[in-house]
Amino acid sequence: MTKRERILVIEDDHDIQDLLRYNLKKEGYEVDVAGDGERGLDLARTKSYDLALLDLMLPGIDGLEVCRRVRSDPRTEGLPVIMLTSKGEEADVVVGLG
């Protein structure tokens with residue numbers, strides 16, 4: 001039996017959560033969803049994921065800080081992260097890549 005890839009979605013908007021969950025599951029992925037940065041970090045540290053989809057504008061710990069903590073933790077430093085954001089200014093992109 002082939003292992004299904006697991007994706008962590010860290011997104012506070014319920015409609016976007018549902019949309020991502022539905023489409024990713026439809027494509028055969030296992031999906032866990034966290035509605036805030038703290039819960040997302042907890043899941044990332046306690047389960048094994050192949051990818052994280054991360055909203056930048058989260059309540060509490062924002063997405064940039066979540067990404068910094070993921071990168072600085074040996075348990076999660078290799079986790080690929082795709083950032084989801086409605087921000088499009090060049091400065092926002094540079095900060096996200098830093």
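This is a short tour of a predicted model, stop by stop. Residues are numbered from 1 along each chain as its sequence is written. Because the model is predicted, local features need pLDDT of at least 70 and side-chain atom pairs pLDDT 80 or more, while totals for chains, interfaces and linings use all residues; side-chain values use heavy atoms, without hydrogens and water.

**First stop: strands 1 and 2.** Select residues 6-10, then 30-34: these are strand 1 and strand 2, which run parallel and are joined by 5 bridges. (Strands, E, of at least two residues and helices, H or I, of at least four are DSSP runs numbered from the N terminus; two strands pair if DSSP finds at least two bridges between them.) Highlight Leu-8 and you will find Asp-32 of strand 2 opposite. (Right-handed means that, with the strands pointing away from the viewer, the path from the first strand over the helix to the second runs clockwise.)

**Second stop: strands 3 and 4.** Select strand 4, residues 81-84, which pairs with strand 3 in the parallel sense over 4 bridges. Leu-54 stands opposite Met-83 here. With helix 3 included, strand 3 and strand 4 make a right-handed β-α-β unit.

Show the side chains of Arg-6 and Tyr-49: the charged end of Arg-6 sits over the Tyr-49 ring, 5.8 Å from its centre. (This requires NZ of Lys or CZ of Arg within 6 Å of the ring centre and within 35 degrees of the ring normal.)
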